[in-house]
Amino acid sequence: MVTHIKTKAKMNKPSGPDWNALLVKVGSHQDKAAFGALFSHFGPLLKGFLLKGGGVEPEQAEELVQETMIKVWRKAPSYAPTQAAASTWMYTIARNTRIDWLRKHAKKNHQTDELVAEDLFDENEESSPFTALIQTRNASNIKEHLNSLPQEQLQVLTLMYFQGKSGQEVADELAIPLGTVKSRVRLALQKLKLKLSPEGEEQVVYAS
Amino acid sequence: MINNHPNTQLLTDYATGGLSMAPLISITTHLQFCDQCREAVSGLNILGGELLADCDEAELSDDLLAQTLAMLDAPMAPSAGVEVANEAPKSSLCPDLANQLPKYLHKFLNHQELEWRSLSSTLSVAAISVGEADYELALHRIDAGGKAPVHDHKGTELTVVLKGSFSDEDGIYREGDFLMREPGDIHRPSATQDQACICLSVLSAPIKLTGIKQVLNPFMRFNPS
């Protein structure tokens with residue numbers, strides 16, 4: 001059922017409507033107008049994201065966009081804007097959708113299991129005790145520094161995020177040692193002021 | 001306090017969707033115990049969201065939105081992931097064991113008979129099938145004070161301590177600790193005296209026993225069905 005968006009989407013950022021609020025509306029009121037707005041904005045981005053990763057035809061990319069957006073519709077009631085920005089939340093759903101799609105199309109794995117990526121990832125992935133704080137801080141740090149990353153670091157991140165390749169697969173593709181990939185990832189994350197694993201490696205000072 | 005964590009590369013592989021099912025499960029299991037790694041993953045996901053928001057748009061077919069809207073009211077396929085987690089636990093996972101494992105693991109374990117096999121008087125193993133051929137996922141249990149055989153690794157082994165603790169030449173590992181053993185590492189884990197130790201482990205290739213009759217080797221292989 002289509003309900004009206006009572007007030008105009010809040011313009012809290014110069015960049016456009018408040019996607020988080022629209023997503024909440026989808027979840028709380030099954031608001032198809034809000035869904036349509038999200039679809040029109042995120043659909044082309046998702047398709048661009050998938051095509052940049054390669055390995056999918058444009059029609060397959062659209063299938064994946066559709067599948068992702070249908071999941072967005074179904075899962076929207078569990079979306080909490082305090083835990084994740086709409087773009088982050090969409091990213092995780094798109095990632096999981098692609099994992100399942102790739103698994104379905106890979107020959108080497110058995111087809112008998114009914115596990116889907118959504119079951120495998122942490123349901124509370126986004127809810128660390130610091131979520132709200134790091135959410136805003138991280139997003140603005142990333143925006144600020146992403147474009148100034150050295151090409152070789154950006155290349156590694158691009159292969160990982162857009163193609164869903166593991167560090168080892170990136171190393172194989174670029175014919176460089178895994179250790180080099182690891183250090184490029186670490187350096188990039190440090191520049192973006194993202195938290196690294198507490199394990200072993202040198203820690204960044206967490207400047208706010 | 002958790003002292004052993006997946007490294008940054010593994011967490012990044014996790015967040016970008018680069019891991020196979022079994023390693024993915026081991027990382028998520030660690031996250032059930034570890035706020036620090038959860039925070040790191042959260043940041044990596046935000047980076048994914050920013051890369052998505054920053055992407056060049058690719059035009060969609062004109063009717064894709066209309067088509068999608070038409071599909072929204074279709075009943076949810078029964079296989080959709082959301083519901084799996086809500087299924088009542090089946091009897092195959094004995095309540096005694098279930099109580100000791102993070103809830104997250106129940107959804108895999110509820111789907112299968114856990115078959116414990118003894119590898120020695122104090123060590124047993126139960127394979128968990130996730131329908132993947134290149135990794136072996138299993139629960140290991142070392143009885144209180146028991147020792148596992150000395151072994152080295154042909155492949156990488158990931159271990160998460162679920163209950164109790166164990167130690168080896170390098171240290172002591174407690175609930176939530178995550179260990180990665182690389183090919184060539186040799187170690188001999190033993191449980192602490194007070195209680196049994198249960199671990200989740202992922203093997204990328206069968207481990208090789210060191211200094212023990214080769215005949216034991218087949219028992220160390222957990223064959224995912």
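Trainee: How many residues does the contact take from chain A and chain B?

Mentor: The contact takes 74 residues from chain A and 61 residues from chain B. Bear in mind that this is a predicted model. Two residues count as in contact if their C-beta atoms lie within 7 Å.

Trainee: Which elements give two or more residues to the side of chain A that touches chain B?

Mentor: In chain A, they are α2, α3 (58-75), α4, α5 (117-120), α6 (131-145), α7 (151-163), α8 (167-174) and α9 (178-191). The largest share comes from α2(A), with 12 residues.

Trainee: What is the make-up of that side by class?

Mentor: The side of chain A that touches chain B has 31 nonpolar, 23 charged and 20 polar residues.

Trainee: Now the fold. How many helices and strands does chain A have?

Mentor: Chain A has 9 helices and 0 strands. Of its 208 residues, 41% count as buried. Take the contacts in chain A with a separation of 6 or more: residues 24 or more positions apart account for 53% of them.

Trainee: Where do the domains of chain A lie?

Mentor: Domain 1 spans 10-127 and domain 2 spans 129-198. Between them, 13 residues of domain 1 are in contact with 7 residues of domain 2.

Trainee: Which element gives the most to the side of domain 1 that touches domain 2?

Mentor: In chain A, α2(A) does, with 3 residues. Both α2 (32-53) and α4 (86-105) of chain A supply at least two residues there. By class, that side of domain 1 of chain A has 6 polar, 4 nonpolar and 3 charged residues.

Note on methods: Residues are numbered from 1 along each chain as its sequence is written. Chains are lettered from A and ligands numbered from 1 in the order in which they are written. This is a predicted model: local features need pLDDT of at least 70, side-chain atom pairs count only at pLDDT 80 or more; totals for chains, interfaces and linings use all residues. Domain bounds come from an automatic or database domain assignment. Helices (H or I, at least four residues) and strands (E, at least two) are DSSP runs, numbered from the N terminus. Ala, Val, Leu, Ile, Met, Phe, Trp, Tyr, Cys and Pro count as nonpolar, Asp, Glu, Lys and Arg as charged, and the others, Gly among them, as polar. A residue is buried if 20 or more other C-beta atoms lie within 10 Å of its own, exposed if 12 or fewer, and partly exposed in between; C-beta atoms are placed from the backbone.
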